Each structure stands twice: as structure tokens, then as C-alpha cells.
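Hi,

Here is the structure I promised to pass on.

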Amino acid sequence: MGAAFKETKLPANAPKSQKALAWIDDRFPLSKLWQEQWGRYYAPKNFNVWYIFGSLAMLVLVIQIVTGIFLTMHYKPDSNLAFGSVEYIMKEVPWGWLVRYMHSTGASAFFIVVYLHMTRALMYGSYRKPRELIWLFGFATFLCLMAEAFFGYLLPWGQMSYWGAQVIVNLFSAIPVIGQDLSLWIRGDYVVSDATLNRFFAFHVIAIPLVLLGLVAAHLIALHEVGSNNPDGIEVKENLGPDGHGVDTIPSHPYYTTKDFFGVSVFLLIYSAIVFFAPEMGGYFLEYNNFLPADSLKTPPHIAPTWYFTPFYSVLRATTSDFMWVVMAGLAAYVVFIWLRSRLSYKTKIAITVLAVLVEIGMLPQVLDAKFWGVVLFGSAVVILALLPWLDHSPVRSIRYRPGWHKAVYGVFFVCFLVLGYLGTQLPTPAYTLIAQLATLLYFSFFLLMPWWSTMGRFKPLPKRVTWTAH
């Protein structure tokens with residue numbers, strides 16, 4: 001037998017709003033969810049501006065969903081009508097241009113905010129134990145966001161949309177045995193066509209957003225289960241006060257609610273300025289070729305994905321047949337380094353060596369071409385981010401207490417990422433290709449050598465409590 005229903009008793013003169021809330025709480029834990037997830041969620045009191053980007057990501061997600069709903073009311077997922085329907089939205093639908101520009105600007109804003117959010121995690125070690133699952137949920141959200149952007153990229157049916165999708169889908173054809181069939185399955189046809197547009201529309205509007213919302217919810221639930229990290233990388237739950245909460249924590253509401261509102265105001269000011277005055281952002285947010293209808297008989301002189309894919313796209317373009325010999329030498333040197341410096345078991349070292357030998361054989365031009373390995377490195381450049389919790393062996397979390405030269409290592413990594421992003425938007429000249437290859441080597445070295453360099457140097461002593469100054 002279930003427990004008897006008990007209704008909250010309120011005074012007869014209680015406000016109607018309070019009675020309505022009590023009626024809901026008796027049937028659904030609305031107030032309880034609010035208190036647990038935000039109202040009485042205790043967070044470290046030394047958060048800085050880097051901790052605003054999680055809230056901003058939620059805001060942009062809402063903007064994208066709302067504007068996307070209004071765009072689908074007028075968009076036609078038909079290869080003969082798609083480009084015209086976008087033009088109709090821009091020119092005929094009342095305020096349609098605003099909704100479209102909000103959505104296109106929101107896509108770039110989403111990636112800017114997420115990249116900054118991930119930068120904060122890198123600097124303060126927010127992926128370290130016990131927050132590995134939070135990082136993995138966040139990484140899965142990032143992958144989902146990339147898929148969402150890719151599927152939405154084709155929908156305007158402009159020149160760059162069409163040819164960009166053609167190039168990206170053709171990458172899968174480099175996979176041995178199943179590549180051609182996989183590319184055919186993704187396109188739904190032998191070329192990017194109406195079938196491709198329809199399935200990309202379905203994934204962009206229904207499938208990926210549902211998965212994205214689930215991952216965001218899992219990310220937040222995991223975060224609130226183990227608690228937030230802080231700029232000092234100290235576990236505030238280890239020093240509890242009489243009330244059972246950390247002595248260095250404060251309720252999120254109203255203390256961080258007010259800060260979030262300020263951050264949202266600044267973000268919306270910048271976001272609105274871009275939407276109203278520079279929605280194309282010099283061709284980075286909206287490519288100029290995309291204002292031309294797709295033409296399967298006329299290839300643009302330079303095909304490149306949107307800026308938020310270009311760091312990884314540069315890795316793909318940098319993987320030439322000559323560069324593969326450098327990669328092979330680097331892999332051999334890395335295996336030797338593992339044998340000399342790693343504390344892994346003998347059996348694990350043997351397994352790594354055998355795997356490396358097989359990969360080296362596969363890298364020979366007579367076996368698998370550079371195009372395949374370009375796709376492998378392209379995917380590896382993204383997937384390697386998920387391994388951060390197990391690559392970083394530093395005794396401290398935060399960059400504040402690491403040796404000074406560690407900050408230089410992080411600085412070189414961030415510069416390499418920005419350089420790769422810029423080069424991905426440019427024509428692949430020999431000089432640019434050489435720079436991209438060097439940046440690619442440094443990018444992967446940052447992660448693959450992290451188990452060693454992250455433990456080296458003289459670390460500063462951690463304070464017993466968070467460092468915080470009233471302002």
C-alpha cells in the first residue's frame with residue numbers, strides 16, 4: 001500500500017501564490033528541485049569571471065532552441081525550396097531577419113562560450129577526481145554540439161553549405177572497407193542532394209537536440225552531486241561548518257544569481273551588437289558564398305568549414321604524405337620514451353609496442369594513404385580531450401600553484417589552437433601547411449607528454465582554505 005496523501009496546510013489568509021506553490025509541491029517537488037539544484041546549492045565563495053560561462057552556455061542553448069523553433073515554421077527542407085525559404089525568412093517574414101541572425105550568431109556564440117568554459121576547466125583542473133564524469137558528460141555535450149552545428153550547416157543550401165557538407169561527408173570515404181558505404185548512408189544518395197538535406201534537417205531539429213538536452217541535464221546533475229571546483233582547486237567539502245556546509249561556500253542564490261545576471265547583461269550587449277551591426281562578422285559567422293544558392297556544377301575556389309571547426313580541419317589538411325614520415329618518427333620516439341620513463345607494467349608496455357608497430361605498418365604509403373590518417377588525426381584531436389582526467393598527474397589541480405613554466409606550456413597550447421583555427425580559414429599554401437604541421441605536433445605533444453611534464457617542477461604549497469578577497 002502506498003503512503004497516504006498529505007496536503008500542506010496553510011493559514012486561510014495565506015497569499016494565493018503561496019497556496020498555488022504549496023498545491024504544486026504536494027504533487028511535484030518543484031521547490032525541492034529549485035533548492036537542491038540552485039537555491040540552496042552551496043558553491044565555493046571564490047568564483048571568478050571564468051565561472052560565468054557555464055550559465056551563458058545555458059542561455060545560448062535556450063536562445064538557439066527558441067529561435068530554431070520559429071525558423072522551422074517557415075523553412076522548407078527541400079533542395080529546390082530551401083535557399084528560397086531562407087530568403088523568404090530574411091525578406092518577407094516580419095522580424096524574420098532578426099530571428100535568423102540571432103540563430104546564426106548564437107551558433108558561433110555557443111562555441112565561443114563552450115571553448116572558454118573548457119579553457120577554465122583546463123586552467124583550474126576541473127576535470128580531476130572526483131569530477132571525471134562531469135568532464136565526460138561535458139565532452140559528450142561538445143561532440144553533440146559539433147554534430148548539431150554540422151547538420152545545421154547544410155540547411156541554408158548555399159554554396160558553402162553544400163560544398164562544405166560534400167567535403168566533410170567525403171572524409172568518411174577514407175575509412176577502409178566501409179568508407180564508401182558509410183558516406184553513401186550519411187548522404188542518402190551518391191551526392192549531397194534532397195535526401196541529405198531531409199535527414200540532416202531531422203537530425204538538426206529533433207534527434208541531436210534531444211540528446212543534447214539529456215547530456216546537459218546529466219552534466220548538471222553530476223556537478224551538483226560532487227560539488228563545484230574553484231580557482232584554488234581545493235575541496236571545500238573537506239572543511240565543513242556547524243551547518244554541514246563547507247566553511248568556504250555560499251548559497252548560489254542570491255550571491256551567484258546576481259553575478260550571473262550581470263554576466264548575462266554584458267553577454268547580451270555584445271551579442272546584440274553583433275546581431276544588429278555585424279551578423280556576418282567579416283565572413284566568419286556567415287560566409288559570403290552562402291548567400292549564393294547551391295550549385296553542384298560550380299565549386300568555390302576555397303572550401304572551408306565554419307571557424308569553430310577549423311582548428312581540427314587544419315590538422316586534417318596538415319596530414320600530407322611527407323608529414324606522415326614525421327608522425328611515424330614521433331610515434332617511434334614516443335614508444336621508446338614510454339619504455340624509458342613510464343611506470344606502466346611490462347605487459348602494458350608490450351601491448352603498446354605491438355599496437356604502435358601495427359600502426360606504423362599502416363602508416364606506410366603502400367598500406368593506407370595520408371587521407372585516411374588525416375581523418376584519424378582529425379578525430380583524435382577531438383577525442384583526446386576526453387582523456388584529460390587520466391593524462392594529468394599533477395599533484396595540484398589549479399594552474400595557480402603549478403610551476404611558472406607550466407603556464408608557458410598552457411600558453412603554447414592555446415596559441416597552437418588559435419593558429420590552427422586561423423590557418424583552417426586560409427588557403428593551404430606551403431608555408432601555412434608547414435606552420436599547421438608544427439602546430440599539430442605541439443597540440444598532440446601537449447596531451448601525450450602530459451603524464452610526465454604535469455608532475456615536473458616545483459609546486460607551490462596549497463592553502464588550507466580558499467583564497468578570497470571581499471570586493
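Helix α13 gives the largest share of a nonpolar surface patch, namely 6 residues. Bear in mind that this is a predicted model. The patch is made up of V336, W339, L340, Y346, I350, V354, V357, L358, I361 and V367, which together have about 960 Å² of accessible area. Two elements give two or more residues to it: α12 (321-341) and α13 (346-363).

W339 is partly exposed, at a relative accessible area of 32%.

Now for a helix with a buried side. In α4 (residues 82-91), the buried residues are A82, F83, S85, V86, I89 and M90. They span an arc of only 165° around the axis, so they end up on the same side of α4. What do the buried residues of α4 pack against? Their partners are α3 (53-72), α5 (96-124) and α9 (194-226).

Searching the whole structure turned up 0 of them. As for individual cysteines, are C144 and C416 buried or exposed? C144 counts as buried because its relative accessibility is 7%, under the 20% cut-off. C416 is buried too, with a relative accessible area of 7%.

That's what I have for now.

Cheers

Key:
Residues numbered from 1 in each chain as written. Predicted model: local features only at pLDDT ≥ 70, side-chain atom pairs only at ≥ 80, totals over all residues. Heavy atoms only, no water. Buried < 20%, exposed > 50% of the residue type's maximum accessible area, 1.4 Å probe, protein only. Helix = DSSP H or I, 4+ residues; strand = E, 2+ residues; numbered from the N terminus. Arc of directions from axis to C-beta. Contact = heavy atoms within 4.5 Å. Patch = residues over 30% accessible without salt bridge, like charges linked within 9 Å, V, L, I, M, F, W, Y side chains within 5 Å. Areas by Shrake-Rupley, 256 points an atom, 1.4 Å probe, with all protein chains shown as cover. Salt bridge = Lys/Arg side-chain N within 4 Å of Asp/Glu carboxyl O. Disulfide = S-S within 2.5 Å.
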